[in-house]
Amino acid sequence: MAEKKLMKGNEALAEGAFGAVEVAARVGRDTPAMHIRRQPPTLHGTLRAMLSRSRRVEEVRRLLRARPVVALLGPRQVGKTTLAHLVSQAGGGEAHWFDLERDSDLRKLDDPMLALESLRGLVIIDEVHHRPELFRSLRVLADRPRRPATFLVLGSASEVLLRQSSESLAGRI
């Protein structure tokens, strides 16, 4: 069983196919972020993952209802994008994807306010660490009345990204 951490009173979620997933207030005040670590697969772990996958999806959906921006942070290839796909499918509403490893999506976000302001529903920005300056725009978008969109940002848990998000999105993420 993976190590579970308690960070500032937030409980870790169940382990499984996505690795150990934790809700942790690591940056800024009241800043939930999901951290994912890879674990070696086992039959028991795979079965447990199948049973707990819906709990993970529901936890992310709960966070998205409570906050305008939710971050899934962790190393490469641990399941952040897969979890985001499951969340978008479970929501059943409109979802907009930006994969910042694609040049076309990077170009779309050259003017982030123009690209994001009119969007409604769930907006998923994968590999956000490629554009940490997006957090300033996300702050403005997160403060809009009636919250027309919520943002799920995925990326590596680098210190720079954590610091940038905590400074720009304190109390919003």
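A residue counts as buried when its relative accessible area is under 20%, as exposed when it is over 50%, and as partly exposed in between. With that in hand, let us walk through this predicted model. Glu-58, for example, has a relative accessible area of 37%, so it is partly exposed.

Arg-61 and Glu-58 form a salt bridge, with their closest N and O atoms 3.2 Å apart. Both sit in helix α1, residues 43-66, and because they are three residues apart there, about one helical turn separates them.

Now step back to the whole protein. Six helices and six strands make up its secondary structure, and from the N terminus they follow the order β-β-α-β-α-β-α-α-β-α-β-α. Of its 173 residues, 49% are buried. The accessible surface is about 8,900 Å², and carbon and sulfur atoms account for 51% of that. Looking at contacts between residues at least 6 apart in sequence, 67% join residues at least 24 apart.

What lies inside? In soluble globular proteins, nonpolar side chains tend to be buried together. Here the largest nonpolar core has 21 residues, and those touching the most other members are Phe-98, Leu-116, Val-123, Ile-125, Phe-151 and Val-153. Two or more residues each come from β3 (69-73), α4 (112-116), β5 (121-126), α5 (134-142) and β6 (149-155). The largest share, five residues, is given by α5.

Leaving aside residues up to four places away in sequence, Phe-151 touches Leu-64, Pro-68, Val-69, Val-70, Leu-116, Val-123, Leu-138, Leu-141 and Arg-144. There is also a second, separate core of 13 residues, including Val-60, Leu-64, Leu-72 and Ile-124.

In α5, the residues Leu-134, Phe-135, Ser-137, Leu-138, Leu-141 and Ala-142 are buried. Viewed down the axis, the buried residues of α5 fall within an arc of 155°, so they line one face of the helix.

Helix α2 can be read in a similar way. Its buried residues are Lys-80, Leu-83, Ala-84, Val-87 and Ser-88. Because they cover an arc of only 135° around the axis, they lie on the same side of α2. The length of α2 can be checked as well: with 12 residues (80-91) at 1.5 Å a residue, the helix should span 16 Å, and the 17 Å between its end C-alpha atoms agrees. After α2 comes Gly-92, whose phi is positive, near 70°.

Finally, return to the salt bridges, of which there are seven. Arg-76 pairs with Glu-101, their closest N and O atoms being 3.0 Å apart. This pair links distant parts of the chain, 25 residues apart: Arg-76 is in the loop between β3 and α2, and Glu-101 in the loop between β4 (95-99) and α3 (103-108). Arg-76 is partly exposed at 48%, and Glu-101 is partly exposed at 42%.

Another bridge, 2.9 Å from N to O, joins the side chains of Arg-131 and Asp-110. Arg-131 lies in the loop between β5 and α5, while Asp-110 lies in the loop between α3 and α4, 21 residues apart.

Conventions. Residues are numbered from 1 along each chain as its sequence is written. This is a predicted model: local features need pLDDT of at least 70, side-chain atom pairs count only at pLDDT 80 or more; totals for chains, interfaces and linings use all residues. Side-chain values use heavy atoms; hydrogens and water are left out. Helices (H or I, at least four residues) and strands (E, at least two) are DSSP runs, numbered from the N terminus. The expected span of a helix is 1.5 Å times one less than its number of residues. Buried means under 20% relative accessible area, exposed over 50%, partly exposed in between (1.4 Å probe, protein chains only). The arc is that of the directions from the helix axis to the C-beta atoms. A nonpolar core is a set of buried Ala, Val, Leu, Ile, Met, Phe, Trp, Tyr and Cys residues joined through side-chain atoms within 4.5 Å. Contact means heavy atoms within 4.5 Å. Accessible areas come from the Shrake-Rupley method with a 1.4 Å probe; for residues, only the protein chains shown count as cover. A salt bridge is a side-chain nitrogen of Lys or Arg within 4 Å of a carboxyl oxygen of Asp or Glu.
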